[in-house]
Amino acid sequence: MSTQQSNAPAGPGRAPAPLRVAQLDLAGPDGEVLSFGPALPPAPPVDGGDVYALVRLRGRPVATVVCRVPPGKSAADAVATEARALLARNGVPAVDAVDAGAPPRTSVVVATRERADQLARALDSLLAQDHPDFEVVVVDNAPVTSATRDLIAGGYAERGVRYVHEPVPGLAVAHNRGVAEADGEVVAFTDDDVVADPHWLTALTRPFAADPGLGCTTGLILPARLGTPAQILLESHGGFAKGFEPTTYDPNDPPADEPLFPFTAGSFGSGANMAFRAAALRAAGGFDPATGTGTPARGGDDLYAFVSVLVAGHRLRYSPDALVWHHHRETWRDLENQAYGYGAGLTAYLTALLVRRPAMLPALLRKLPRGLAHARTITAHRDSAGAAVPGAHGAQDYPWPRRLSRLERRGMLAGPIGYVRARRKVRGVRPPWEPARRTAREEQSS
């Protein structure tokens with residue numbers, strides 16, 4: 001089914017107007033409104049203007065719509081009219097049915113660095129999860145102040161949040177530290193700039209109970225705010241969402257519509273919303289410490305982990321019911337850095353595969369030219385059912401600026417060099433759960 005763009009609120013050549021982010025819950029595809037309001041209260045009521053709304057059917061996420069509320073019209077009625085029309089055109093996505101009991105014991109790892117205010121907001125949402133058995137582990141990565149430690153000690157520790165210090169900078173290193181500290185059968189990861197839906201963790205981890213061969217799950221990421229041109233442009237370019245159709249990726253049954261599988265790892269999900277069977281992730285070597293934010297590679301740690309688990313023979317499942325709201329960066333400079341980082345992280349992760357998994361070299365080289373051509377579409381216009389965006393990528397509403405495309409390409413060229421530089425910096429850094437290698441002198445003296 002094709003993406004639907006409904007009543008884009010700005011015309012060609014005009015700066016995108018801010019949108020209110022809302023949620024609408026319907027009793028059915030053409031049913032009555034059960035609830036309507038801002039996506040993340042407390043916030044002012046949604047009473048007019050341009051609106052981007054998540055559509056739910058009795059709580060289940062099924063679509064997004066974008067519309068302008070006419071003066072004098074109820075916002076709930078306007079959004080509901082748009083939602084019913086979209087669902088009538090596209091149909092309702094399949095139910096993410098998982099026939100299983102309680103989800104397994106889970107450790108939620110949040111890596112952070114000097115963003116205590118944002119972290120507090122994320123932790124509040126994590127502690128409100130409906131999952132029956134979980135812990136939260138905060139990994140403070142190469143901190144320069146005690147702000148994160150003080151935040152945890154000041155009220156979150158008594159609520160069960162564990163604080164862990166990781167002195168080596170880099171998101172992948174911090175995630176590996178979290179994996180080593182985790183006591184759950186499943187390890188879930190999210191970022192300090194998200195707010196998790198109360199059902200997020202249950203929806204993300206329940207599939208592990210139903211499928212012993214499942215190694216990884218990912219979920220839906222939607223924008224928490226669309227108040228600045230940078231935030232709107234990122235979401236119009238595809239943001240982080242992967243649509244509303246549940247999907248299972250099986251290395252023994254590659255998807256026919258993804259000839260580059262599994263190298264198009266960006267289509268599987270994103271690091272702000274992912275979980276792994278802990279034993280499978282550890283056996284695959286965890287996250288490559290030379291990838292990720294905080295290293296010269298700039299990213300790619302999540303992509304590398306996805307592929308590592310898949311090539312080890314495990315399945316990966318995308319579950320749109322597992323929802324987090326992401327606070328997109330607000331400034332143009334942030335967006336430039338993000339565009340460059342996307343490109344760098346993509347080719348850095350491919351370089352990591354070449355270096356660390358040389359057996360994959362023939363397949364990777366055979367598919368690499370098409371893979372690089374595909375790289376620019378990783379965050380591009382979504383073609384998943386029900387995912388309306390504020391502006392159409394490639395159209396005249398909010399076209400992705402050429403400068404950002406050039407930055408992505410420059411990042412792609414720099415990614416392999418960044419990975420090599422990062423690899424030198426983390427030489428000798430091993431996953432914390434692996435025994436330390438003995439030196440030659442130690443071997444001789446034993």
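Guide: An axis, as the word is used here, is a line fitted to the C-alpha atoms of a helix over the stretch in contact, and the angle between two such axes runs from 0 to 180 degrees between their N-to-C directions. The model above is a predicted one.

Visitor: At roughly what angle do the axes of helix α2 and helix α3 cross?
Guide: Two packed helices are described by the angle between their axes and by the distance between those axes. For α2, which covers residues 116–126, and α3, which covers residues 147–156, the axes come within 10 Å. The crossing of α2 past α3 is right-handed, and the angle between the axes is roughly 35°.

Visitor: How many nonpolar residues does the contact of α2 with α3 have?
Guide: On the α2 side the contact is made by Ala116, Leu119, Ala120, Leu123 and Asp124, while α3 brings Ala147, Thr148, Leu151, Ile152 and Tyr156. Sorted by class, this contact has one charged and one polar residue, and the nonpolar residues number eight.

Visitor: Which strands do the buried residues of α1 pack against?
Guide: Helix α1, made of the 16 residues 75–90, reaches 22 Å from its first C-alpha to its last, which is close to the 22 Å expected at 1.5 Å a residue. Its buried residues include Ala75, Val79, Glu82, Leu86 and Asn90. The strands against which the buried residues of α1 pack are β1 (20–26), β2 (33–38), β3 (49–57) and β4 (60–69).

Visitor: At the start of α1, which residue has its backbone nitrogen within 3.3 Å of a side-chain oxygen of Ser74?
Guide: The two ends of α1 can be taken in turn. The helix is followed by Gly91, whose phi is positive and near 80°. At the start of α1, the side-chain oxygen of Ser74 reaches to within 3.3 Å of a backbone nitrogen, and that nitrogen belongs to Ala76.

Visitor: Where is Pro262, which a cis peptide bond joins to Phe261?
Guide: Most peptide bonds are trans. The bond between Phe261 and Pro262 is cis, with omega about 5°, and the bond from Pro41 to Pro42 is cis as well, with omega near 5°. Pro42 lies in the loop between β2 and β3, whereas the place of Pro262 is the loop between β11 (247–249) and β12 (273–277).

Visitor: Is Arg298 buried or partly exposed?
Guide: Most residues other than glycine have a negative phi. Arg58, in the loop between β3 and β4, has a positive phi of about 50°, and Arg58 is exposed because its relative accessible area is 60%. Arg298, in the loop between α7 (278–283) and α8 (301–311), has a positive phi of about 75°. With a relative accessible area of 33%, which falls between 20% and 50%, Arg298 is partly exposed.

Visitor: What is the relative accessible area of Ser319?
Guide: Ser319 is in strand β13, which covers residues 315–326. Leaving aside neighbours within four places in sequence, Ser319 is in contact with Asp96, Ala203, Pro207, Thr218, Gly219 and Leu220. Ser319 is buried, and its relative accessible area is 0%.

Visitor: Which residue's backbone oxygen does the side chain of Thr228 reach at 2.8 Å?
Guide: Thr228 is in the loop between β10 (214–223) and α6 (229–236), and it counts as buried because its relative accessible area is 18%, under the 20% cut-off. The C-alpha atoms of Thr228 and Leu19 are separated by 8.8 Å, although these residues are 209 residues apart along the chain. The backbone oxygen that the side chain of Thr228 reaches at 2.8 Å is that of Glu330.

Note on methods. Residues are numbered from 1 along each chain as its sequence is written. This is a predicted model: local features need pLDDT of at least 70, side-chain atom pairs count only at pLDDT 80 or more; totals for chains, interfaces and linings use all residues. Side-chain values use heavy atoms; hydrogens and water are left out. Helices (H or I, at least four residues) and strands (E, at least two) are DSSP runs, numbered from the N terminus. A crossing is left-handed if the near helix is turned anticlockwise from the far one by less than a right angle, and right-handed if clockwise. Contact means heavy atoms within 4.5 Å. Ala, Val, Leu, Ile, Met, Phe, Trp, Tyr, Cys and Pro count as nonpolar, Asp, Glu, Lys and Arg as charged, and the others, Gly among them, as polar. The expected span of a helix is 1.5 Å times one less than its number of residues. Buried means under 20% relative accessible area, exposed over 50%, partly exposed in between (1.4 Å probe, protein chains only). A polar contact is a pair of N or O atoms within 3.5 Å; within protein, one must be able to donate a hydrogen and the other to accept it, and residues adjacent in sequence count only if both atoms are side-chain atoms.
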